[in-house]
Amino acid sequence: MSTNSESATWTSARNSLSILAVSVALSLFTTAYENSIIPLFASVPTLKYLGHVVHTSTAFAVITPNLSSSKILLILGCLLLLAPHTSYWISVHAARFKDPIYSPLVTHALVLAPVVYFSVSLAMSVDPTLALIVLAANALQLRPLLMLVFSALSLDASNSVIFTALGCVCLAVYGGIKVVVDRHSAHPNARNTLSIAALSVITLVFAALLSLNPALRSPTLVDSIVTPYNSPTYPLRILNSTQSKTGVVVVGEILPPVDKSSTHLHSIRYLRASHSLLGGVWIGDGVATLDNFPPLTDQDGTPLGDSIYSAFVLQEAVRLVNSTPQGRKGECNHALIIGLGTGISANAFAQQGIATTIVEIDPAVYDAARQYFGLSDPGNNNVFLQDARGWVKSRRTMVEAEDPSATKYDVVVHDCFSGGGVPEHLFSIEFWDDLRTILSPEGVVAVNFAGKLASDSSQAILVTLLRAFGQCRAFHDHIEPISQEQFHSHFVNIVFFCSPSPTPLTFRPAVEEDYLHSYLRHHILSSLDKREINYAQIRDSSIWSATTEEKFVLTDAHNMLNMWQEGDALDHWKLMRDMVPDVVWETY
């Protein structure tokens with residue numbers, strides 16, 4: 001009796017551990033899969049229906065007949081070993097249809113759904129009742145925890161390594177089960193046992209080959225030693241591709257077309273994080289300076305031209321404010337950059353003799369700006385590679401404690417736009433209150449945002465900034481004048497200039513020294529008065545009320561910014577796909 005009880009307990013414990021292992025493995029796969037396709041689809045399109053696909057596949061596995069455990073493991077092993085290639089190539093071809101909803105959905109259905117289905121089927125084959133209890137939480141619920149663990153332990157194994165490891169485990173367990181079953185059969189077959197054992201050895205050898213050979217492991221260049229990489233089908237060169245904190249960070253160059261007939265953007269060097277261009281500069285024939293002044297160069301001495309985005313230059317108008325005591329005297333001693341990009345504004349401030357502090361969450365972005373985009377050395381203790389929320393909070397504590405080492409900043413450039421949106425925790429009233437504390441009494445903040453005017457997200461950002469600082473003025477960065485219809489139907493880069501100063505903000509005319517020998521700076525800064533956006537274009541004053549305003553104030557407890565930006569993020573994905581050829585997004 002005691003032996004039967006112990007056997008039942010052992011069986012129950014084994015089943016529980018097996019189902020838990022399947023659930024954790026599925027969460028690992030889902031997390032790696034998500035990360036592997038975000039460079040092609042961006043975050044919002046990827047996640048929009050990912051949960052629905054997981055839930056539907058789970059339900060389908062629960063209600064359909066199950067195969068034997070060994071067959072499921074064999075199928076899963078094959079699917080997982082192929083996942084680095086299927087997830088990439090199916091995403092590539094689906095994305096070419098340029099639909100931010102159906103393109104990722106097709107990829108989910110063809111790559112994610114089969115793995116979820118067979119994983120759940122495996123758990124059901126072990127113990128249907130127990131599997132339902134464990135799967136009720138669903139594999140998606142473990143993903144945030146796994147991401148937290150990986151971040152805390154600095155585990156940054158590539159997605160292809162995770163796919164390969166999981167596939168090898170499945171095939172190894174499959175081989176083990178077949179060996180055990182054969183040994184306990186009425187007519188054990190030594191040849192079968194030897195063949196299955198050999199299968200397990202072959203699996204380990206295959207895993208080693210995949211790990212050692214990047215070309216077999218994954219079709220992408222991430223962590224590959226083959227850089228710079230020249231595309232065989234398009235005038236495209238990848239100088240660096242790194243898996244980092246915010247995703248895949250790529251430095252690439254779109255070179256001039258051989259036949260000179262292409263109308264696509266070319267002669268640029270760009271910095272990309274996942275499916276978003278963080279910035280870029282002109283190279284080759286695109287390099288031009290006022291008065292033929294020697295251009296900026298990268299660490300290898302390659303000449304670099306103006307920024308391909310004029311918003312970064314528009315942000316520099318923060319120096320032109322002349323309504324504050326510092327502005328009237330032309331005194332701007334300390335600048336803070338939150339969100340570095342390619343370092344356009346940071347370099348300009350350095351050239352103007354302003355001590356500049358940089359806060360950038362991704363070390364790979366900072367390294368790229370230094371090596372490939374000519375960012376000068378900011379100096380000791382002026383670079384902080386961390387999330388700005390915690391950094392600003394700690395600086396506020398230092399200021400309030402009257403720490404003599406705590407700097408108060410005369411100007412702040414806040415540019416955290418990426419992937420079709422901005423991080424909501426860096427736009428709440430609590431964040432702006434912290435930032436205002438480390439700003440000099442009449443300092444000025446330049447905040448970059450991209451979206452459609454009169455959208456909920458645009459209104460929320462304006463209302464929250466006005467609540468935090470008291471006054472703001474807004475300007476757009478378009479090279480040419482834009483119509484009222486374009487303001488509301490097109491993506492527009494808006495830079496808000498805000499200050500706690502009691503004096504209304506005014507800007508002095510730009511002079512030659514402000515241009516730093518740049519044609520783009522001359523064009524943008526000299527036409528500042530033609531770029532202003534009236535508040536009425538962002539919020540409808542005819543229906544505005546105190547109640548409406550409260551709805552749009554972003555707080556840590558009530559922050560709808562991520563949800564409001566969803567539609568804009570989908571439009572931004574299509575805009576990026578139209579801006580540069582598909583091959584640029586497919587090569588990383």
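The model is predicted, so local features need pLDDT of at least 70 and side-chain atom pairs count only at pLDDT 80 or more, while totals for chains, interfaces and linings use all residues. Residues are numbered from 1 along each chain as its sequence is written, and side-chain values use heavy atoms, with hydrogens and water left out.

**Nonpolar cores**

A nonpolar core is a set of buried Ala, Val, Leu, Ile, Met, Phe, Trp, Tyr and Cys residues joined through side-chain atoms within 4.5 Å. Buried stands for under 20% relative accessible area, exposed for over 50%, and partly exposed for the range in between (1.4 Å probe, protein chains only). The largest nonpolar core has 109 residues, and Phe29 and Phe497 have the most contacts inside it. Helix α5 (residues 102-126) gives this core its largest share, 11 residues. Helices (H or I, at least four residues) and strands (E, at least two) are DSSP runs, numbered from the N terminus.

When residues up to four places away in sequence are not counted, Phe29 touches Leu80, Ala83, Val111, Leu112, Val115, Phe163 and Leu166. Contact here means heavy atoms within 4.5 Å. A second, separate core has 50 residues, including Trp391, Phe417, Leu466 and Cys472.

**Salt bridges**

A salt bridge is a side-chain nitrogen of Lys or Arg within 4 Å of a carboxyl oxygen of Asp or Glu. A search of the whole structure finds 19 of these salt bridges.

| Pair | N to O distance |
|---|---|
| Asp556 and Arg389 | 2.6 Å |
| Arg436 and Asp433 | 2.9 Å |
| Arg467 and Glu549 | 3.6 Å |

The side chains of Asp556 and Arg389 meet in a salt bridge. This pair links distant parts of the chain, 167 residues apart: Asp556 is in the loop between α22 (546-552) and α23 (561-564), and Arg389 is in helix α15 (residues 388-400). Asp556 is partly exposed at 44% relative accessible area, whereas Arg389 counts as buried at 17%.

Arg436 and Asp433 both belong to helix α16 (residues 429-437); because they are three residues apart there, about one helical turn separates them. Arg436 is partly exposed, with a relative accessible area of 30%, and Asp433 is partly exposed at 23%.

Arg467 forms a salt bridge with Glu549. Arg467 lies in helix α17 (residues 456-469) and Glu549 in helix α22, so the pair ties together parts that are 82 residues apart in sequence. Arg467 counts as partly exposed at 38% relative accessibility, and Glu549 counts as partly exposed at 25%.

**Positive phi angles**

Ser274 has a phi near 50°, a positive value in a residue other than glycine. Ser274 is placed in the loop between β4 (268-273) and β5 (276-282). With a relative accessible area of 9%, Ser274 is buried.

Asn292, also a residue other than glycine, has a positive phi near 55°. The loop between β5 and β6 (296-297) holds Asn292. Asn292 is exposed, with a relative accessible area of 71%.
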